[in-house]
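Work through the exercises below with the sequence and the 3D view open. Each task is followed by a solution in steps.

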Amino acid sequence: MSYQSIDELQTLLSQEVFGDRQDSKKAAGRALGTFIETIVFYLLRQWGENDSIAIERPLAEYGREEITHNVEFTLHPLRKIIPSFELSANISPTSKCIANHIQLPESFNLKSNKVINNGIIQNACVVGENNNSIAIVSPDRITSESTILHAYILDKHAYAMIECKRVGKEGDAKGPQTIEKAKQGAYVAKTTSSLQKVRNDQGGLDGVYYVNGNAHVGPYSQLLNEIIFNGEPQQLRDFTLSIGVVSNHGNWFTSGNQNKEMKVLAQSYDWLLFLTDEGLAQFIIDLLRSPQRRFKAVRDAFIASYPPAGGPKVDNAFTKKKMEQTAHFALDAYFAENISSIESWFNIISPNDGTLHELKHILKTLKNKDWRTIL
(Lines give C-alpha, C1' and ligand atoms only; values in the text may rest on other atoms or scores of the structure.)
Protein backbone atom coordinates (compact mmCIF):
# COMPACT_ATOMS: atom_id res chain seq x y z
CA MET A 1 0.00 0.00 0.00
CA SER A 2 1.41 3.38 -0.98
CA TYR A 3 0.67 6.91 0.21
CA GLN A 4 0.96 10.25 -1.54
CA SER A 5 2.38 12.03 1.47
CA ILE A 6 3.44 11.58 5.05
CA ASP A 7 0.29 13.58 5.94
CA GLU A 8 -1.80 10.56 5.01
CA LEU A 9 0.31 8.30 7.22
CA GLN A 10 0.09 10.74 10.10
CA THR A 11 -3.69 10.81 9.72
CA LEU A 12 -3.74 7.02 9.60
CA LEU A 13 -1.67 6.78 12.80
CA SER A 14 -3.86 9.37 14.50
CA GLN A 15 -6.91 7.25 13.72
CA GLU A 16 -5.55 3.76 14.35
CA VAL A 17 -3.24 4.31 17.33
CA PHE A 18 -4.07 7.70 18.84
CA GLY A 19 -7.78 7.97 18.01
CA ASP A 20 -8.74 8.28 21.68
CA ARG A 21 -6.35 11.16 22.37
CA GLN A 22 -7.58 14.72 22.79
CA ASP A 23 -5.21 15.81 20.02
CA SER A 24 -4.60 12.65 18.01
CA LYS A 25 -2.87 14.45 15.12
CA LYS A 26 -0.30 16.00 17.44
CA ALA A 27 0.34 12.65 19.15
CA ALA A 28 0.89 11.03 15.76
CA GLY A 29 3.24 13.87 14.83
CA ARG A 30 5.38 13.25 17.91
CA ALA A 31 5.53 9.58 16.93
CA LEU A 32 6.85 10.56 13.50
CA GLY A 33 9.65 12.47 15.23
CA THR A 34 10.48 9.32 17.20
CA PHE A 35 10.65 7.32 13.96
CA ILE A 36 13.25 9.71 12.54
CA GLU A 37 15.46 9.38 15.62
CA THR A 38 15.04 5.60 15.53
CA ILE A 39 16.04 5.46 11.86
CA VAL A 40 19.16 7.52 12.53
CA PHE A 41 20.20 5.41 15.54
CA TYR A 42 19.94 2.07 13.76
CA LEU A 43 21.57 3.54 10.64
CA LEU A 44 24.57 4.61 12.72
CA ARG A 45 24.79 1.07 14.11
CA GLN A 46 24.95 -0.31 10.58
CA TRP A 47 27.68 2.18 9.75
CA GLY A 48 29.86 0.64 12.45
CA GLU A 49 29.38 3.40 15.02
CA ASN A 50 27.75 1.23 17.69
CA ASP A 51 30.80 1.35 19.97
CA SER A 52 31.20 5.10 19.55
CA ILE A 53 27.68 6.35 20.09
CA ALA A 54 26.16 8.04 23.13
CA ILE A 55 22.59 9.30 23.44
CA GLU A 56 21.41 12.64 24.83
CA ARG A 57 24.79 13.65 26.23
CA PRO A 58 25.61 17.28 27.14
CA LEU A 59 27.80 18.90 24.49
CA ALA A 60 29.78 21.92 25.65
CA GLU A 61 30.14 25.12 23.68
CA TYR A 62 33.66 25.77 22.43
CA GLY A 63 35.50 27.94 24.92
CA ARG A 64 32.55 27.95 27.33
CA GLU A 65 32.45 24.54 28.97
CA GLU A 66 29.92 25.70 31.56
CA ILE A 67 27.32 26.02 28.76
CA THR A 68 26.14 22.65 27.46
CA HIS A 69 23.42 21.43 25.13
CA ASN A 70 21.92 17.94 25.07
CA VAL A 71 21.90 16.54 21.54
CA GLU A 72 20.30 13.38 20.19
CA PHE A 73 23.51 11.52 19.39
CA THR A 74 27.23 12.08 19.83
CA LEU A 75 30.12 9.97 18.54
CA HIS A 76 33.18 9.61 20.76
CA PRO A 77 36.72 8.20 20.55
CA LEU A 78 36.91 4.63 21.80
CA ARG A 79 39.32 4.31 24.73
CA LYS A 80 38.73 0.63 25.46
CA ILE A 81 36.36 -2.14 24.46
CA ILE A 82 35.56 -4.98 26.85
CA PRO A 83 34.94 -8.29 25.04
CA SER A 84 31.53 -9.94 25.24
CA PHE A 85 30.61 -11.49 28.56
CA GLU A 86 27.62 -13.47 29.78
CA LEU A 87 25.27 -12.84 32.68
CA SER A 88 22.77 -15.40 33.87
CA ALA A 89 19.12 -14.43 33.36
CA ASN A 90 18.58 -14.45 37.14
CA ILE A 91 21.18 -11.68 37.61
CA SER A 92 19.88 -8.14 37.40
CA PRO A 93 22.12 -6.23 34.93
CA THR A 94 22.50 -3.10 37.05
CA SER A 95 25.34 -0.64 36.60
CA LYS A 96 26.93 -1.90 39.83
CA CYS A 97 26.76 -5.51 38.66
CA ILE A 98 28.29 -4.70 35.29
CA ALA A 99 30.92 -2.39 36.80
CA ASN A 100 32.04 -5.22 39.10
CA HIS A 101 32.05 -7.70 36.22
CA ILE A 102 34.23 -5.55 33.96
CA GLN A 103 36.33 -4.23 36.87
CA LEU A 104 35.50 -0.62 36.18
CA PRO A 105 38.00 1.65 37.99
CA GLU A 106 36.83 3.30 41.20
CA SER A 107 37.25 6.73 39.60
CA PHE A 108 33.95 6.13 37.74
CA ASN A 109 30.77 7.38 39.37
CA LEU A 110 28.16 4.70 38.84
CA LYS A 111 24.73 5.49 37.37
CA SER A 112 21.44 3.99 38.50
CA ASN A 113 20.77 2.41 35.12
CA LYS A 114 19.83 -1.06 33.93
CA VAL A 115 20.76 -2.08 30.41
CA ILE A 116 17.71 -4.37 30.38
CA ASN A 117 14.66 -3.86 32.57
CA ASN A 118 11.40 -5.77 32.16
CA GLY A 119 12.31 -6.71 28.61
CA ILE A 120 13.25 -3.16 27.59
CA ILE A 121 16.79 -2.36 26.45
CA GLN A 122 18.34 0.98 27.30
CA ASN A 123 20.35 1.80 24.21
CA ALA A 124 23.88 3.09 24.82
CA CYS A 125 23.31 2.49 28.52
CA VAL A 126 25.73 4.51 30.64
CA VAL A 127 27.20 2.45 33.48
CA GLY A 128 29.35 5.22 34.91
CA GLU A 129 31.55 8.18 34.10
CA ASN A 130 34.49 10.13 35.43
CA ASN A 131 36.07 13.44 34.45
CA ASN A 132 37.31 12.15 31.11
CA SER A 133 35.41 9.01 30.16
CA ILE A 134 32.01 7.36 29.81
CA ALA A 135 31.46 3.62 30.38
CA ILE A 136 28.64 2.20 28.22
CA VAL A 137 27.21 -1.30 27.91
CA SER A 138 25.35 -2.82 24.95
CA PRO A 139 23.58 -6.19 24.54
CA ASP A 140 24.76 -8.67 21.90
CA ARG A 141 22.20 -11.42 22.48
CA ILE A 142 19.39 -12.16 24.94
CA THR A 143 17.91 -15.57 25.66
CA SER A 144 15.72 -16.98 28.40
CA GLU A 145 18.85 -18.38 30.09
CA SER A 146 21.32 -15.51 29.81
CA THR A 147 22.28 -12.15 28.40
CA ILE A 148 25.48 -11.58 26.43
CA LEU A 149 26.80 -8.03 26.70
CA HIS A 150 29.87 -6.03 25.86
CA ALA A 151 31.06 -2.74 27.30
CA TYR A 152 33.15 0.10 25.97
CA ILE A 153 34.85 3.16 27.43
CA LEU A 154 34.51 6.38 25.46
CA ASP A 155 36.31 9.67 25.81
CA LYS A 156 33.96 12.50 26.73
CA HIS A 157 35.11 14.51 23.72
CA ALA A 158 32.66 14.12 20.84
CA TYR A 159 34.19 14.06 17.37
CA ALA A 160 30.70 14.28 15.83
CA MET A 161 27.18 15.23 16.88
CA ILE A 162 23.88 14.39 15.20
CA GLU A 163 20.58 16.17 15.72
CA CYS A 164 17.17 15.37 14.25
CA LYS A 165 14.63 18.09 13.46
CA ARG A 166 11.03 17.66 12.42
CA VAL A 167 8.16 20.13 12.67
CA GLY A 168 4.48 19.35 12.14
CA LYS A 169 1.89 21.69 10.76
CA GLU A 170 -1.56 22.92 11.71
CA GLY A 171 -3.78 22.52 8.65
CA ASP A 172 -1.95 24.16 5.78
CA ALA A 173 0.01 26.62 7.94
CA LYS A 174 3.45 26.20 9.43
CA GLY A 175 3.63 25.61 13.14
CA PRO A 176 4.80 28.69 15.07
CA GLN A 177 7.78 26.79 16.47
CA THR A 178 9.28 26.03 13.05
CA ILE A 179 11.79 28.88 12.90
CA GLU A 180 12.58 28.51 16.60
CA LYS A 181 13.59 24.88 16.11
CA ALA A 182 15.74 25.89 13.15
CA LYS A 183 17.42 28.62 15.22
CA GLN A 184 18.00 26.24 18.11
CA GLY A 185 19.63 23.62 15.88
CA ALA A 186 21.69 26.26 14.09
CA TYR A 187 22.97 27.75 17.35
CA VAL A 188 24.16 24.42 18.74
CA ALA A 189 25.79 23.43 15.45
CA LYS A 190 27.69 26.72 15.28
CA THR A 191 28.92 26.92 18.87
CA THR A 192 30.16 23.43 19.77
CA SER A 193 33.26 23.06 17.60
CA SER A 194 36.66 24.73 17.53
CA LEU A 195 36.24 25.27 13.78
CA GLN A 196 33.93 28.26 13.64
CA LYS A 197 31.91 29.69 10.75
CA VAL A 198 32.23 33.32 9.64
CA ARG A 199 30.21 34.95 6.85
CA ASN A 200 32.48 36.87 4.46
CA ASP A 201 31.63 39.95 2.39
CA GLN A 202 30.92 37.84 -0.70
CA GLY A 203 28.20 35.87 1.07
CA GLY A 204 30.34 32.77 1.41
CA LEU A 205 31.48 30.93 4.53
CA ASP A 206 34.97 31.22 5.94
CA GLY A 207 36.29 29.18 8.82
CA VAL A 208 38.46 30.21 11.73
CA TYR A 209 40.24 28.13 14.35
CA TYR A 210 42.82 29.04 16.96
CA VAL A 211 46.15 27.44 17.82
CA ASN A 212 48.07 28.90 20.76
CA GLY A 213 46.08 32.12 20.48
CA ASN A 214 46.76 32.54 16.76
CA ALA A 215 43.80 32.66 14.37
CA HIS A 216 43.85 30.61 11.18
CA VAL A 217 41.30 31.70 8.57
CA GLY A 218 40.32 30.24 5.21
CA PRO A 219 37.42 28.90 3.14
CA TYR A 220 35.31 26.84 5.52
CA SER A 221 35.03 23.70 3.40
CA GLN A 222 38.79 23.71 2.82
CA LEU A 223 39.59 24.01 6.53
CA LEU A 224 36.98 21.37 7.37
CA ASN A 225 38.62 18.80 5.09
CA GLU A 226 42.08 19.81 6.27
CA ILE A 227 41.17 19.13 9.89
CA ILE A 228 39.33 15.87 9.18
CA PHE A 229 41.94 14.28 6.94
CA ASN A 230 45.23 15.96 7.87
CA GLY A 231 44.57 17.76 11.14
CA GLU A 232 47.22 18.13 13.80
CA PRO A 233 46.32 17.18 17.39
CA GLN A 234 45.74 20.82 18.37
CA GLN A 235 43.25 21.16 15.49
CA LEU A 236 41.34 18.01 16.35
CA ARG A 237 41.31 18.33 20.12
CA ASP A 238 38.15 20.47 20.30
CA PHE A 239 36.76 19.78 16.82
CA THR A 240 33.23 18.36 16.53
CA LEU A 241 31.64 17.59 13.16
CA SER A 242 28.00 18.73 13.12
CA ILE A 243 25.37 16.64 11.33
CA GLY A 244 21.70 17.51 11.08
CA VAL A 245 18.84 15.31 9.87
CA VAL A 246 15.59 17.00 8.86
CA SER A 247 12.35 15.62 7.47
CA ASN A 248 9.86 17.05 5.06
CA HIS A 249 6.42 17.69 6.45
CA GLY A 250 5.16 20.89 4.90
CA ASN A 251 7.53 23.13 6.80
CA TRP A 252 10.93 21.98 5.61
CA PHE A 253 9.72 21.71 2.00
CA THR A 254 12.11 19.58 -0.11
CA SER A 255 15.83 19.31 -0.70
CA GLY A 256 15.44 21.22 -3.95
CA ASN A 257 12.87 23.71 -2.69
CA GLN A 258 14.28 25.11 0.52
CA ASN A 259 12.47 27.62 2.68
CA LYS A 260 14.14 29.98 5.13
CA GLU A 261 14.32 27.46 7.96
CA MET A 262 16.04 24.89 5.77
CA LYS A 263 18.54 27.48 4.55
CA VAL A 264 19.34 28.46 8.15
CA LEU A 265 20.14 24.84 8.99
CA ALA A 266 22.03 24.18 5.75
CA GLN A 267 24.51 26.98 6.46
CA SER A 268 24.93 25.97 10.10
CA TYR A 269 25.56 22.20 10.04
CA ASP A 270 28.66 20.76 8.39
CA TRP A 271 26.38 18.12 6.90
CA LEU A 272 22.60 18.38 6.59
CA LEU A 273 20.69 15.24 5.59
CA PHE A 274 17.12 15.27 4.34
CA LEU A 275 14.92 12.25 5.14
CA THR A 276 12.36 12.07 2.36
CA ASP A 277 8.65 11.42 2.73
CA GLU A 278 9.17 8.26 0.70
CA GLY A 279 11.80 6.98 3.12
CA LEU A 280 9.79 7.69 6.26
CA ALA A 281 6.71 6.17 4.65
CA GLN A 282 8.64 3.03 3.71
CA PHE A 283 9.80 2.62 7.31
CA ILE A 284 6.23 2.93 8.57
CA ILE A 285 4.81 0.55 5.96
CA ASP A 286 7.52 -2.11 6.35
CA LEU A 287 7.61 -2.14 10.14
CA LEU A 288 4.34 -0.72 11.45
CA ARG A 289 1.64 -1.11 8.79
CA SER A 290 2.45 -4.37 6.99
CA PRO A 291 5.48 -5.97 8.66
CA GLN A 292 6.79 -9.40 7.75
CA ARG A 293 6.36 -11.88 10.58
CA ARG A 294 10.01 -11.61 11.66
CA PHE A 295 9.65 -7.83 12.00
CA LYS A 296 6.25 -7.88 13.71
CA ALA A 297 7.92 -7.29 17.11
CA VAL A 298 8.64 -3.72 16.01
CA ARG A 299 4.96 -3.00 15.45
CA ASP A 300 4.02 -4.76 18.69
CA ALA A 301 6.50 -2.65 20.68
CA PHE A 302 5.19 0.55 19.13
CA ILE A 303 1.52 -0.27 19.77
CA ALA A 304 2.24 -1.43 23.35
CA SER A 305 3.97 1.88 24.09
CA TYR A 306 0.76 3.83 23.47
CA PRO A 307 -2.07 2.18 25.45
CA PRO A 308 -5.59 3.65 25.33
CA ALA A 309 -6.08 6.95 27.10
CA GLY A 310 -7.07 6.44 30.72
CA GLY A 311 -5.48 3.00 30.83
CA PRO A 312 -2.54 1.97 32.99
CA LYS A 313 0.70 3.79 32.33
CA VAL A 314 3.45 1.79 30.64
CA ASP A 315 7.10 2.39 29.86
CA ASN A 316 7.55 3.65 26.32
CA ALA A 317 9.44 0.82 24.64
CA PHE A 318 9.87 2.53 21.28
CA THR A 319 12.32 5.43 21.45
CA LYS A 320 15.93 6.02 20.47
CA LYS A 321 16.90 5.47 24.09
CA LYS A 322 14.61 2.60 25.10
CA MET A 323 13.49 -0.27 22.87
CA GLU A 324 11.71 -3.54 23.58
CA GLN A 325 14.39 -6.21 23.29
CA THR A 326 12.81 -8.30 20.51
CA ALA A 327 12.06 -5.15 18.51
CA HIS A 328 15.67 -4.00 18.99
CA PHE A 329 17.12 -7.09 17.33
CA ALA A 330 14.39 -7.05 14.66
CA LEU A 331 15.34 -3.45 13.80
CA ASP A 332 19.01 -4.42 13.59
CA ALA A 333 18.09 -7.23 11.19
CA TYR A 334 15.84 -4.98 9.07
CA PHE A 335 18.55 -2.32 8.73
CA ALA A 336 21.24 -4.89 7.93
CA GLU A 337 19.13 -6.50 5.21
CA ASN A 338 17.91 -3.25 3.67
CA ILE A 339 20.83 -0.88 4.21
CA SER A 340 21.22 0.12 0.53
CA SER A 341 17.53 0.97 0.24
CA ILE A 342 17.55 2.80 3.59
CA GLU A 343 20.52 4.95 2.55
CA SER A 344 18.53 5.98 -0.54
CA TRP A 345 15.92 7.52 1.78
CA PHE A 346 18.29 10.44 2.39
CA ASN A 347 19.20 13.41 0.24
CA ILE A 348 22.17 15.66 1.02
CA ILE A 349 21.27 19.32 1.53
CA SER A 350 24.78 20.47 2.42
CA PRO A 351 27.51 20.36 1.37
CA ASN A 352 26.14 20.88 -2.13
CA ASP A 353 28.24 18.16 -3.73
CA GLY A 354 28.27 15.80 -0.76
CA THR A 355 27.32 12.12 -0.87
CA LEU A 356 26.34 9.68 1.84
CA HIS A 357 29.36 7.56 0.92
CA GLU A 358 31.60 10.55 1.62
CA LEU A 359 29.97 11.19 5.00
CA LYS A 360 30.46 7.56 6.02
CA HIS A 361 34.12 7.85 4.99
CA ILE A 362 34.51 11.01 7.09
CA LEU A 363 33.01 9.36 10.17
CA LYS A 364 35.25 6.33 9.72
CA THR A 365 38.29 8.59 9.33
CA LEU A 366 37.49 10.47 12.53
CA LYS A 367 36.78 7.25 14.41
CA ASN A 368 40.13 5.76 13.41
CA LYS A 369 42.26 8.73 14.49
CA ASP A 370 44.89 7.97 17.12
CA TRP A 371 42.93 9.80 19.79
CA ARG A 372 45.30 8.67 22.54
CA THR A 373 47.92 11.05 21.14
CA ILE A 374 45.40 13.79 20.40
CA LEU A 375 43.44 14.20 23.63
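**Exercise 1: aromatic rings**

The count comes to 10 aromatic pairs, where rings of Phe, Tyr and Trp (its six-membered ring) pair if their centres lie within 6.5 Å. The model is predicted, so local features need pLDDT of at least 70 and side-chain atom pairs count only at pLDDT 80 or more, while totals for chains, interfaces and linings use all residues. Residues are numbered from 1 along each chain as its sequence is written, and side-chain values use heavy atoms, with hydrogens and water left out.

Task: describe the pair formed by Tyr 334 and Phe 335, and state which cluster is linked by ring pairs.

Step 1. A pair of aromatic rings is described by the distance of the centres and the angle of the planes. For Tyr 334 and Phe 335 these values are 5.8 Å and 75 degrees.

Step 2. Planes under 30 degrees apart count as stacked, over 60 as edge-to-face and the rest as tilted. The pair of Tyr 334 and Phe 335 is edge-to-face.

Step 3. Tyr 334 has a relative accessible area of 3% and is buried; Phe 335, at 0%, is buried as well. Buried means under 20% relative accessible area, exposed over 50% and partly exposed in between, with a 1.4 Å probe and protein chains only.

Step 4. Ring pairs join Tyr 334 and Phe 335 with Phe 41, Tyr 42, Phe 73 and Phe 295 in a cluster.

**Exercise 2: strand S17**

Task: find the partners of strand S17 and say where its side chains point.

Step 1. Strand S17 covers residues 271-275. Strands (E, at least two residues) and helices (H or I, at least four) are DSSP runs, numbered from the N terminus.

Step 2. Two strands pair if DSSP finds at least two bridges between them. S17 pairs with strand S16 (residues 241-247) in the parallel sense over 5 bridges, and Trp 271 is the bridge partner of Ile 243.

Step 3. S17 runs antiparallel to strand S19 (residues 346-350), with 4 bridges between them. Here Leu 275 stands opposite Phe 346.

Step 4. In a regular strand the side chains alternate between the two faces of the sheet. In S17, Trp 271, Leu 273 and Leu 275 point one way, and Leu 272 and Phe 274 point the other way.

Step 5. Of the 5 residues of S17, 5 are buried, so the strand is largely enclosed by the rest of the structure.

**Exercise 3: cavities**

Task: how many cavities of 30 Å³ or more does the structure hold, and what lines the largest cavity?

Step 1. On a 1 Å grid over the protein atoms alone, a cavity is a set of points where a 1.4 Å probe fits but cannot get out; a pocket is an open set with protein on both sides within 12 Å along at least five of seven lines; lining residues have an atom within 4 Å of a point. Grid points are joined across faces, edges and corners, and a volume is the space filled by probe spheres set on the points.

Step 2. The structure holds 2 such cavities.

Step 3. The lining of the largest cavity includes Ile 243, Leu 273 and Phe 346. Helix H2 (24-46) gives the most to this lining, with 3 residues.

Step 4. The lining of the largest cavity divides into 11 nonpolar, no polar and no charged residues. Ala, Val, Leu, Ile, Met, Phe, Trp, Tyr, Cys and Pro count as nonpolar, Asp, Glu, Lys and Arg as charged, and the others, Gly among them, as polar.

Step 5. The lining of the second largest cavity has 3 nonpolar, 4 polar and 3 charged residues.

**Exercise 4: the largest pocket**

Task: which residues lie nearest the centre of the largest pocket, and which strand gives the most to its lining?

Step 1. The largest pocket has a volume of about 580 Å³ and is lined by 24 residues.

Step 2. Ala 60, Glu 65, Lys 156, His 157 and Ala 158 lie nearest its centre.

Step 3. Strands S1 (53-61) and S2 (64-75) each supply at least two lining residues of the largest pocket. S1 gives the most, with 5 residues.

Step 4. By class, the pocket lining has 7 nonpolar, 9 polar and 8 charged residues.
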